[in-house]
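Please keep the sequence and the structure in view while reading.

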Amino acid sequence: MLRFAAIRGGLGLLSVRRACLFSRSSHSAPQNEYRPIKKVMVANRGEIAIRVFRACTELGIRTVAVYSEQDTGQMHRQKADEAYLIGKGLPPVAAYLHIPDIIKVAKDNGVDAIHPGYGFLSERADFAQACSEAGVRFVGPSPETVRKMGDKVEARSLAISAGVPVVPGTDSPISSMQEAHAFAQTYGFPIIFKAAYGGGGRGMRVVREYEELEENYQRAYSEALTAFGNGALFVEKFIEKPRHIEVQILGDKYGNVIHLYERDCSIQRRHQKVVEIAPAFQLDPHLRDRLHADAVNLAKQVGYENAGTVEFLVDKHGKHYFIEVNSRLQVEHTVTEEITDVDLVHAQLHVCEGRSLPDLGLKQDKIRVNGCAIQCRVTTEDPSRGFQPDTGRIEVFRSGEGMGIRLDSASAFQGAVISPHYDSLLVKVIASGKDLNTAASKMSRALAEFRVRGVKTNIPFLQNVLSNSQFLHSTVDTQFIDENPELFNLKPTQNRAQKLLHYLGHVMVNGPTTPIPVKAKPSSTDPVVPSVTLGDPPVGFRDVLLRDGPEGFAKAVRAHQGLLLMDTTFRDAHQSLLATRVRTHDLKKISPFVSHNFSNLFSLENWGGATFDVAMRFLSECPWKRLQELRALIPNVPFQMLLRGANAVGYTNYPDNAVFKFCEVAKENGMDIFRVFDSLNYLPNMVLGMEAAGAAGGVVEAAISYTGDVSDPMRQKYSLDYYLNLADELIKAGTHILSIKDMAGLLKPEASKLLIGALRDRFPDVPIHVHTHDTAGAGVAAMLACAEAGADVVDVAVDSMAGMTSQPSMGAIVACTRGTKHDTGIALEKVFDYSEYWEVTRGLYAPFDCTATMKSGNADVYENEIPGGQYTNLHFQAHSMGLGNKFKEVKKAYTEANKLLGDLIKVTPSSKIVGDLAQFMVQNNLTRAEVEERADELSFPQSVVEFLQGYIGIPHGGFPEPFRSKVELERGKTLHIKALALGDLNKAGQREVFFEMNGQLRSVLVKDTVAMKEMKFHPKAQKSIKGQVGAPMPGKVLEVKVKVGSKVEKGQPLCVLSAMKMETVVNSPMSGTVKAVHVEPDTSLEGDDLILEIEE
């Protein structure tokens, strides 16, 4: 490959002071012919407009943009110094073809020159002439040259006159389909239609047999008319499998013409270039010289001025044929700039000012090739669906950059809307290197860095091209894509983050979608509040606390005669039975009754844990306001809450100061007793919570989470000594009250006697408080055994909210202890009134009641050790997912998961970890042995991985080995997501949901399913209904070829769609009769919108 002989930039004269350039040589223009340009308009849009603006800015030239009504949000109008609307009321493409508006804007705003870019008016001689007549310079060839080169037939004649070989074709544009037929009879098929006044693949159709002739003639004519304002076509013999080689030329006003070497543009689809390479790879040197010479000779013959491209086809025998001259800048001009170090737009502007090529240092012997450059056109097209254009909003855009990479773009940014009105080009990626393989390597790396979400792109396809052996080591032709079907084996993008945001956004807009497994409806009966005595409520234990402080309170509890009760009805009971859905409203109604009739309760548990979670997620309530309002209504009974040690009321460790501040504010708002626990009994986490509660002035109740069975000599991991030693540490840490927290209801009567009796013997002066669940039905017996063994307080729930996975019955404990030394002092008849209120109230929450799917408790809890609240939730979830018949398997998997993790104490959040692993095993049909064996290759739930990383502490006995060592603990893909805001409803029935993800703003559009029921939308074609024909892509209907009642055959054209200036014929998928037509010309469609219905 040729090397650049001079120092890069040694040409450098493009950037020399403009005032000095016109006196360089004898070829220079006379001084009076140099007219500097001060203001340039670009009569175009998108990336080419921005490319020209940048060049103008570098040269100190002021810039003007024009834009259509549909392009008000496009980047090119923001990059210019001035921007003006054109084509008001016209269709999107027609606006940029409206010459009078463009000329008027130029004249009204002092524009010196108009750069046409590529496409649109860039090859229209009448536009170049209109500029000349208006006294505005056209940055390109003269109007006459544009006319000659734009007329493909005249260009052929000129090429023949210059001795350049041409492809057999018509001498002038054809005027009818009959002329095309006559040409085909003379030269045979295949033939190709080409637009006579434009390029870029528009108006180009290959015809291989007579039956295709009429349809392709009509499509080519229509596309050319839409894209270039003239539908004239000419016909050529179609050369099979040629290389498409084009030569970049540059001329001035004084007859100087040079070439800047060639580009290989053979990789095409639908006659549009996809990948371009400069210089052409493995091109015969003699052929290269002939191509260059023919291009320059042809340009000189017509007096070519400014930049242009001479295009050739090279057949498999090495013969080349002229096909056309593009009298404009090409999309792929970038690769030529990269290998020659010549800024083509700078050169265009200088030539337009009247400078000669030698003035600019652009002499043929000084132009050298330096390495190789590749351009990939990243488009919003779906290769898996025949490169159908995709439209929509770009939700995420991250580009590939770095050494050797250049990006030219306009609409490639987050939030950009890709419409069906214009070209599908998103960004041009240009990679440069010392040779083809180096450039390809850089390009592959850059494309891999791209992240585009919201619209489909051809990036996976481009990556396959760049890794193809033929592309890298041989030559390719225009059939390369068609003959390499493996290019369409596209690697699917994971798109995990955006899928997660869409899910979260959907939940925020439309609410949870988990189906409720029952059809139960809330009761229509309102609960009746029992009568309450007027006046202040009696003195209660809170008065003792306020008077004597936490230490005095603990002494009073220990000295109390009889058994004290904590009522969980206000929190844990309805958490276990009703998914924590009870509203503050229903709690407030019964609060005065509780205050007046249960003043001798030890405490009322009403806050913490899931209260925060559910109040904000489902009830739309403030948990702090709940605490304040209940405190005002119940001033005499202590309030108690759960504090998850260092986790506070959350599910992860919080900073120490946050836990301390939380406890302080909770105490100020009415909380009295803090039951502090840790799901693993991990002492450091517990001590932090104890210190925070104590510093806030609250009563510290350190809770030991219970699991196993101290009465079973075969189960010694959690032995009696384990609990006694742990209690020693908690007493030393300064707890006021010692608690046993039996979350799964595993305490049997015998175990209760052993454990509580041993604790009472060791700590005779410390109050002991016991919490359990009644899942197995033995809760009342266990609590009575605890009382006999020396417990001061046990937890209960009012009868109608007790039993099963809730706490033991308040009425049963009150009745069983009446008249004994453990008498609770609570009036049983008042318990009945209290229970009646909650029985009716519970009916209001029927859809969430555990009894909808679970009819009783189950003693298998002694085997699976599932905590009460979690037992209910798992049962409910299993039925919601249609796995109710597999709940036995879920419970068995829970047991196996617990063993895998080393037999944990199972309390939130450790119980959730075991549950996540259990569900993972059921969903993937894995046994315990299989999980252990494949631990190094399975993708475990994040909660399991974080547990094994020590996020929630160190379990008793250490982490399970070798299981822990085999699990991959660091995957390096953590997403930090924060919901920010919910937008208003738009015309499409969507709301924009805003997030912050990994520190960057993200947003997604989510359909509001409720609002859309009241809005009218075009119906969608249902793939499951035979005969419904949907739009294959977004676009506009150009023509409907059938009507209701028409008989159609399979494959017959039904209608024509236009998208991104390309036309697509929708064919019938079956034979039958048209039943209904849902579109008409000019109807705008989205993908899969219903076009018509056919019946057999």
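A412 is buried, its relative accessible area being 12%, where buried means under 20%, exposed over 50% and partly exposed in between, computed with a 1.4 Å probe on protein chains only. The model is predicted, so local features need pLDDT of at least 70 and side-chain atom pairs count only at pLDDT 80 or more, while totals for chains, interfaces and linings use all residues. Residues are numbered from 1 along each chain as its sequence is written, and side-chain values use heavy atoms, with hydrogens and water left out.

The loop that holds A412 runs between β19 (405-409) and β20 (417-418); helices (H or I, at least four residues) and strands (E, at least two) are DSSP runs numbered from the N terminus. Apart from neighbours within four places in sequence, A412 is in contact with I394, F397, L426 and V427, contact meaning heavy atoms within 4.5 Å. D382, in strand β15 (residues 381-382), is likewise buried, at 9% relative accessible area, and, with the neighbours within four places again set aside, D382 touches F387, Q388 and K456.

In soluble globular proteins, nonpolar side chains tend to be buried together. A nonpolar core is here a set of buried Ala, Val, Leu, Ile, Met, Phe, Trp, Tyr and Cys residues joined through side-chain atoms within 4.5 Å. The largest such core has 128 residues, among which L565, F570, L759, V770, Y834, W838 and F940 touch the most other members. A second, separate core of 41 residues includes L250, L349, L362 and A373.

Y834 also takes part in a helix pair, in which M810, G811, V814 and A815 of α27 meet L828, V831 and Y834 of α28. The residues of this contact divide into six nonpolar, one polar and no charged. The axes of α27 (residues 810-817) and α28 (residues 828-843) come within 10 Å and cross at roughly 170 degrees, which makes α27 roughly antiparallel to α28, a term for angles over 145 degrees.

Finally, an unreviewed UniProt entry carries the annotation "binding site" for R644 and T908, and such annotations may be inferred rather than shown by experiment.

Conventions. Axes are lines fitted to C-alpha atoms, for helices over the stretch in contact, and angles run from 0 to 180 degrees between N-to-C directions. Angles under 35 degrees count as roughly parallel, over 145 as roughly antiparallel, 65 to 115 as roughly perpendicular and the rest as oblique. Ala, Val, Leu, Ile, Met, Phe, Trp, Tyr, Cys and Pro count as nonpolar, Asp, Glu, Lys and Arg as charged, and the others, Gly among them, as polar.
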